[in-house]
Amino acid sequence: MRKETILVVDDQPEVLRSIERLLKPEWNVATAAGGSDALEWLKTGDPAVILCDQRMPAMTGVEFLERSLESRPDAVRILIT
């Protein structure tokens, strides 16, 4: 069975590691340390789900998720705070 990919976006490395450990058994997990990194990853990656923190420097989670619609309109989006 093929695992779907989830993209986790957060500026705190410890949060990224924790979520990755939690989801890894069921998902292929990609991580990005902020909105800009995540937008770059989306140029080639195709996640089924995008999980994003709201409070990040330079670009909020809402701003990132709005911009991600352009490249991956079918991905499920989840905002965490």
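Reader: What makes β1, helix α1 and β2 a right-handed β-α-β unit?
Author: Look along the strands so that they point away from you: a crossover counts as right-handed if the path from the first strand over the helix to the second runs clockwise. Here the path goes from β1 over helix α1 (residues 13-23) to β2, and this unit is right-handed. Keep in mind that you're looking at a predicted model.

Reader: How do you know that β1 and β2 pair?
Author: Pairing takes at least two bridges. Five bridges join β1 to β2, so they count as paired, and they run parallel. In one spot, Val 9 stands opposite Ala 32 in β2.

Reader: And what makes β1 and β3 a pair?
Author: With that cut-off of at least two bridges, the four bridges between β1 (residues 5-9) and β3 (residues 49-53) qualify, so these strands pair too, in the parallel sense. Leu 7 stands opposite Ile 50 in β3, and Val 8 has Leu 51 as its bridge partner there.

Reader: Which order do the strands take in the sheet?
Author: It's an open sheet of four strands, β2-β1-β3-β4, with parallel pairing. β2 (28-32) and β4 (76-80) each have a single partner strand, so they stand at the edges, with one side of each left without a neighbour in the sheet. On average, neighbouring strands are turned by 20° against each other, direction ignored.

Reader: Why is β1 called largely enclosed?
Author: Five of its five residues are buried, so the rest of the structure largely encloses β1. Thr 5, Leu 7 and Val 9 cover one side, and Ile 6 and Val 8 the other. In a regular strand, side chains alternate between the two faces of the sheet. There's a helix here as well: α3 (residues 61-71) lies across β1, β3 and β4, at about 155° to β3.

Reader: Which residues touch the most other members of the largest nonpolar core?
Author: Leu 7, Val 9, Ala 38, Leu 42, Ile 50, Cys 52 and Phe 64 do, in a core of 14 residues. β1, β2, α2 (35-42), β3 and α3 each supply at least two of the core residues, and α2 gives the largest share, three. A second, separate core of eight residues includes Ile 6, Val 8, Val 29 and Leu 51.

Reader: What makes Glu 20 and Lys 24 a salt bridge?
Author: The cut-off is a side-chain nitrogen of Lys or Arg within 4 Å of a carboxyl oxygen of Asp or Glu. Glu 20 and Lys 24 come to 3.7 Å, N to O, so the pair passes. Three salt bridges are present in the structure. Another joins Lys 43 and Glu 40 at 3.1 Å.

Reader: Why is Lys 43 called exposed, and what does Glu 40 count as?
Author: Exposed means over 50% relative accessible area, and buried means under 20%. Lys 43 has 61%, so it is exposed. Glu 40 has 48%, which falls in between, so Glu 40 counts as partly exposed.

Reader: What do Arg 72 and Asp 46 count as, buried or exposed?
Author: Arg 72, at 19%, is under 20% and therefore counts as buried. Asp 46, at 57%, is over 50%, so Asp 46 is exposed. Their side chains meet in a salt bridge at 3.5 Å, N to O. The pair links distant parts of the chain, 26 residues apart: Arg 72 is in the loop between α3 and β4, and Asp 46 in the loop between α2 and β3.

Technical notes
Residues are numbered from 1 along each chain as its sequence is written. This is a predicted model: local features need pLDDT of at least 70, side-chain atom pairs count only at pLDDT 80 or more; totals for chains, interfaces and linings use all residues. Side-chain values use heavy atoms; hydrogens and water are left out. Axes are lines fitted to C-alpha atoms, for helices over the stretch in contact, and angles run from 0 to 180 degrees between N-to-C directions. Contact means heavy atoms within 4.5 Å. Buried means under 20% relative accessible area, exposed over 50%, partly exposed in between (1.4 Å probe, protein chains only). A nonpolar core is a set of buried Ala, Val, Leu, Ile, Met, Phe, Trp, Tyr and Cys residues joined through side-chain atoms within 4.5 Å.
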